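Here is a short briefing for a first look. Start with the overall layout, then turn to the aromatic rings.

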Amino acid sequence: MSERFTIRVTKDYLAFCAGHFISYEGHQCERLHGHNYRAAVEVQGPLDENFYVFDFIALKNATKRITDELDHFMLLPTKNRVIHVEERGAEVHVRYKDRQWLFPRGDCVLLPIENTTAELIARYIGQRLLADLKERHLFVPDVICVEVEEGPEQLAVFEQWQET
């Protein structure tokens, strides 16, 4: 018989409010809008000498540091094929075909992702969290799962596991 242990954190303080728009169907672009996102994180692994997978408080704090960096910002993808993002001093110029936006640099988070979909935001949070857990706590979970909810009954999930 095998055992598997998972812990999960999700709280109202793992929420972030942000603006975004996405490209879709290869040639379409949404209108600028925003969401009140909520994040949840699960990690799986063996029990340690204290008989827990990982400290709940440390996991909540690590996740909150990342979601706080996204809170009340415009999220822009730097790897999108059709949405072009260019930093120009104190401004960020964004272009899609004949549409253009100009944002103050301080109001934007430039994400190294292809699109600001909930799926890729979840992956971004998950990969940042993995790096933080490894660096600060020398902890690498067997599996990490990150959910990003855009609204009620609408969420995306990123999951990554360690190769054995």
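The points below cover the fold, the surface and the aromatic pairs. The model is predicted. The protein chain holds two helices and twelve strands. Its C-alpha trace spans about 60 × 30 × 30 Å along the principal axes.

**Fold**
- The order along the sequence is β-β-β-β-β-α-β-β-β-β-β-α-β-β.
- Of the contacts between residues at least 6 apart in sequence, 62% join residues at least 24 apart.

- The protein chain has 164 residues, and 43% of them are buried.

**Aromatic pairs**
- Three aromatic pairs turn up in a search of the whole structure.
- Phe 16 and Tyr 37 count as stacked because their ring centres are 4.8 Å apart and their planes meet at 15 degrees.
- This pair links distant parts of the chain: Phe 16 sits in strand β2 and Tyr 37 in strand β5, 21 residues apart.
- Phe 16 is buried at 2% relative accessibility, and Tyr 37 is buried at 0%.
- Phe 54 and Phe 139 also form a stacked pair, with 4.5 Å from centre to centre and 20 degrees between the planes.
- Phe 54 lies in the loop between β5 and α1, and Phe 139 in the loop between α2 and β11. These two residues are 85 residues apart.
- Both Phe 54 and Phe 139 are buried.

Notes:
Residues numbered from 1 in each chain as written. Predicted model: local features only at pLDDT ≥ 70, side-chain atom pairs only at ≥ 80, totals over all residues. Heavy atoms only, no water. Helix = DSSP H or I, 4+ residues; strand = E, 2+ residues; numbered from the N terminus. Buried < 20%, exposed > 50% of the residue type's maximum accessible area, 1.4 Å probe, protein only. Contact = heavy atoms within 4.5 Å. Phe/Tyr/Trp six-rings, centres within 6.5 Å; stacked < 30°, edge-to-face > 60°.
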